Amino acid sequence: MEAVRRVISVVVLNEASVLSRITDLFSGRGYNITSLTVAPIPKSKYSRLTIVTSGSMRVIEQITKQLHKLIPVLKVIEHCDAVEKEMVLVKFSSDNSISDIETICSAYNGKIVNAGDGFFIALIADESQRMDNFLDAIERFHPKEIVRSGTVALER
Amino acid sequence: MKISGAQMVIEALIAENVDTVFGYPGGAIMNIYDEIYKQNSFKHILTRHEQAAVHAAEGYAKVSGKVGVAMITSGPGFTNAVTGLADAYMDSVPLVVISGQVPMSLIGTDAFQEIDAVGISRSCTKHNYLVTDAKDLPRVLKEAFYIASSGRPGPVHVDIPKDITAQIEVFDYSTPIHLETYKPTIKGNVRQIKKAVMAIKEAKRPLFYIGGGAINSNAAQEVREFVKMTGIPAVETFMARGTLRYDDPLLISMPGMHGSYAANMAMSETDLMISLGARFDDRVTGKLSEFAKHAKIIHVDVDPASISKIVKVDYPIVGDLRHVVKNMMEIASSVIEKERYEPWLESVEHFDKLHPLSYKEDSDKLKPQWVIQRVGELLGECANITTDVGQHQMWTAQFYPFSRPRQLISSGGLGTMGFGFPAAIGVKVADFERVSINITGDGSILMNIQELMTAVEKKIPVINIILNNNFLGMVRQWQTLFYDKRHSETDLSMQPDFVMLAKAFGGIGYVVHTKEEFDAALNDAVEKNIVAMIDVRIDRFENVMPMVPSGGSLFNMMLEYKEK
């Protein structure tokens, strides 16, 4: 069966070792994690994880069922129509033209967020595919460091 | 009431009506053992190895349906217990296993006998806890018992640092359990159930495929009624043995790798498989692409993740088997016509007549299958049977006349050699009236042989029947069949004198070469009612047949193979 990409949100009790329960499940059963983002949900005892994964439809179904089976898991949402964003921070040497880079950033809803002695840092928040395009576009400026976050998603 | 964490553990066990704890003390759990010393509410059985403590708790739980409790110390005490946890997890056995841990201040410092216990048990328990405040203990223990025994049962591990067992806090066990994130489904969806019954009505060749869930949900009575009412033939898995009586005319034995020809042919020919609490294990299905090719599948299971995990299911029903089967019967009683399935039943019976489970007697060698049948004739319903893992286990499943659920106690999923003897101890403790027989092999028995001391000391008369072929028989069988008879490290010609071994621990031993000697030994052991080892010298080269070679199709069975 053909592998499909899926974004799954998991609402879990915010308690010790809950993240290990999730990642152990993925590694123990041989599922993929492309990216994983986790943070507490404000003013609640829960955290929200967003997991990007891939597998056959049967595997995806098992992933959601197995996640549900974990005791501290409240909700599992398999996204089909969601707004997805991820974030990247890129550090450039100030030998580059700031304005060139700023122009590219603005095409991707990003901007320069910090500058210091000999460097400046750009931030972009966009969809996964557009992020790839952005990173291709800035390659010629020889970024010194790239930090890319996982995906967050919200069902429409 | 303010008490110590250790006292809380005792109070919680009393509140849960625990009458027996299996365990082994050590440094980190001494505070709890001090409280065990002071109380009279439950008995503690000291095994001689932590693995055995957990297997004994499993035996106790499997035979009684209650939650089994084991207690161990930190570090090596805990790691020794891991095999038991994994075994209980695979076979859905309700357990609460409490381990000591180094004090909070030492966690993470590589302290003496420290190990990340919850890190290790996470993947082989239904749930686990590291208790970091005695205030949480009453809630955690109450949740542990609830989680272990509800939904799909399983082991729950509670790790308690030593200083937490000394901490003094308020103990209130009356607060109701509130688990927002854990709500097992009990009642099946009525519309799905109706659809499934209609599919049974339409089917020409339906087949019940009964699994261990029938036993776990105490549904044997309902399943027996349902099978009788519909007149549909049934196979039961290894884990479900005893759900139907051995002499039920609709039972066609066990399917799978060492299942009967008739059961496997029925599985292959059916047009509607009605799976009741079975999980489509690879030892049952054989080659998946050829499995139940012509069949629609109804799958009833309390665990939604079991449904469509291995094969695509047409009628999924999530719920407790007992509830669902009752609902199915209510609808079925007015729509199902028994006569419809008679031609199919006849063809299944024909399969059974063609190649029944059988073996060939030999005038000068004892056959293991005969020994098992003979135990059945002599003790029948009066015995609880545990087994270890290997050839003797499969022969037991094939040839013992099981007549009630929870009569066969074995390690099905994990296949743990060394399970049988300690489990038989737990079985005997829970059900003292019945004879506790452990059918084992000369390989398996040595994996927890130290439990002779536990059984003798606590006067727990378990009878071990060792089907001794001086081989790791099942591995040898595979080596013979698939590795060109290269018997790599499976020849156990050198074995201890089991009679002297039994005597050394204060039990009784017998060596048996003939049928007469076997009858005499078993009768004597039952009569004397003490811990016994019956060393039965069987035909060395007997194999478990029939057999579906690993990865083969169920309908493609090896029916006979004479090794020597």
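This is a predicted model: local features need pLDDT of at least 70, side-chain atom pairs count only at pLDDT 80 or more; totals for chains, interfaces and linings use all residues.
Mentor: Residues are numbered from 1 along each chain as its sequence is written, chains are lettered from A and ligands numbered from 1 in the order in which they are written, and side-chain values use heavy atoms, with hydrogens and water left out.

Trainee: Why is the pair A:Asp24 and B:Arg122 called a salt bridge?

Mentor: A salt bridge requires a side-chain nitrogen of Lys or Arg within 4 Å of a carboxyl oxygen of Asp or Glu. The closest N and O atoms of A:Asp24 and B:Arg122 are 3.4 Å apart, so the pair meets that rule. Across the interface of chain A and chain B, the rule finds 3 salt bridges.

Trainee: What makes up the contact between chain A and chain B?

Mentor: Contact means heavy atoms within 4.5 Å, and 18 residues from chain A and 20 residues from chain B take part. The two chains bury about 1600 Å² between them; buried area is the accessible area (1.4 Å probe) that two parts lose on being put together, summed over both. In chain A, A:Arg21, A:Arg58 and A:Ile71 lose the most area to chain B, together 40% of what that side buries.

Trainee: What makes A:Glu78 and A:Arg6 a link between separate parts of chain A?

Mentor: Their closest N and O atoms are 2.8 Å apart, and the two form a salt bridge. A:Glu78 lies in strand E4 and A:Arg6 in strand E1 (residues 4-13), so the pair ties together parts that are 72 residues apart in sequence. Strands here are DSSP runs (E, at least two residues), as helices are (H or I, at least four), numbered from the N terminus.

Trainee: Why is A:Asp126 called buried, and what is A:Lys85 called?

Mentor: Buried means under 20% relative accessible area, exposed over 50%, and partly exposed in between (1.4 Å probe, protein chains only). A:Asp126 has 2% relative accessibility and therefore counts as buried, whereas A:Lys85, at 32%, counts as partly exposed. Their side chains meet in a salt bridge (3.8 Å, N to O).

Trainee: How do you know that B:Glu143 and B:Arg139 are separated by about one helical turn?

Mentor: They are 4 residues apart in helix H6 (residues 137-149) of chain B, which means about one helical turn between them. B:Glu143 is buried at 6% relative accessibility, and B:Arg139 is partly exposed at 44%.
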